[in-house]
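Colleague: Hi! Could you show me the model we're going to talk through today?

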Amino acid sequence: SGTGSLSVGFEFIPMEKLFSFRGVACFMSVGLMLNYRYGMGSPAQYKANLHSGTVELPVIVYRQWHPRSTYFVGIIPVYTMDFMSYTPRNADKVTEVDSTMGVKLRTGIRFRAAPKIDLSFTTDVVMRFYEPLQVSLEPSVGIVYNLSKREWGK
């Protein structure tokens, strides 16, 4: 009947700029993200709980379009492990464990809200290589704390 998730990770921009596109600098980043997702079944049907962990290795390209804003696109290999337990009517509790690889195609915008804080608005198209293929659309909102003293475009 619903899911919620929490992600934490780091992102590293290894060089000043990757290339220029129409006179505007483009940057590339690599990173590591860890995600935990919890889901529950509808109590009217049966009790169910899903615990899912995902490791992501994002490769993102940013392009500044305003002094305080950038947009980005990326490709992200993912590995997901799911632990689900449920209790069907008139039956004992069942626990299943599954894992798979996948890929995310990401696009979004980052807005500099404060000198060290960015707001991130992201949409991922996710393909997990289950049988059959599982495709989902995952919008998200995030807060990014910048450790670097460098500013976009400098």
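Colleague: Thanks! Leaving aside neighbours within four places in sequence, which residues is I143 in contact with?

Modeller: Those are I117, D118 and L119, where contact means heavy atoms within 4.5 Å. Before we go on, this is a predicted model, so local features need pLDDT of at least 70 and side-chain atom pairs count only at pLDDT 80 or more, while totals for chains, interfaces and linings use all residues. Residues are numbered from 1 along each chain as its sequence is written, and side-chain values use heavy atoms, with hydrogens and water left out.

Colleague: Which strand is I143 found in?

Modeller: I143 belongs to strand β9, residues 134-145. Helices (H or I, at least four residues) and strands (E, at least two) are DSSP runs, numbered from the N terminus.

Colleague: Is I143 buried or exposed?

Modeller: I143 counts as exposed, because its relative accessibility is 69%. The scale is relative accessible area: buried is under 20%, exposed is over 50%, and partly exposed is in between, with a 1.4 Å probe and protein chains only.

Colleague: How many bridges join β8 to β9?

Modeller: Strand β8 (residues 117-128) is joined to β9 by 12 bridges, and the two run antiparallel. For two strands to pair, DSSP must find at least two bridges between them. β8 and β9 make a hairpin with 5 residues between them, and L119 stands opposite I143.

Colleague: Let's change topic. Which residues make up the largest nonpolar core?

Modeller: There are 6 residues in all: F27, I60, Y62, F72, I76 and V78. A nonpolar core is a set of buried Ala, Val, Leu, Ile, Met, Phe, Trp, Tyr and Cys residues joined through side-chain atoms within 4.5 Å. Two elements, β5 (59-66) and β6 (69-87), each give two or more residues to this core, and β6 has the largest share with 3 residues.

Colleague: How many aromatic pairs does a search of the whole structure find?

Modeller: The search finds 1. Y62 and F72 form the aromatic pair, which is tilted, with 5.3 Å centre to centre and 55° between the planes. The rule is that rings of Phe, Tyr and Trp (its six-membered ring) pair if their centres lie within 6.5 Å; planes under 30 degrees apart count as stacked, over 60 as edge-to-face, and the rest as tilted.

Colleague: Which parts does that pair tie together?

Modeller: Y62 is in strand β5 and F72 is in strand β6, so the pair links parts that are 10 residues apart in sequence. Y62 is buried, at 3% relative accessibility, and F72 is buried at 3% too. Y62 also has F72 as its bridge partner in β6.

Colleague: How many bridges join β5 to β6?

Modeller: There are 7, and these strands run antiparallel. β5 and β6 form a hairpin with 2 residues between them.

Colleague: What else does β6 pair with?

Modeller: β6 is joined to strand β7 (residues 94-114) by 18 antiparallel bridges, with Y86 opposite V94. In the β6 and β7 hairpin, which has 6 residues between the strands, N90 takes a positive phi near 55°. β6 also pairs with β4 in the antiparallel sense, over 10 bridges.

Colleague: Which side chain does S52 join through a polar contact?

Modeller: The partner is the side chain of D82, at 2.5 Å. A polar contact is a pair of N or O atoms within 3.5 Å; within protein, one must be able to donate a hydrogen and the other to accept it, and residues adjacent in sequence count only if both atoms are side-chain atoms. Not counting residues up to four places away in sequence, S52 touches N35, Y36, R37, T80, M81 and D82.

Colleague: Last one: how many bridges join β3 to β4?

Modeller: 8 bridges join β3 to strand β4 (residues 47-56), running antiparallel. Their hairpin has 6 residues between the strands, and G39 stands opposite L50.
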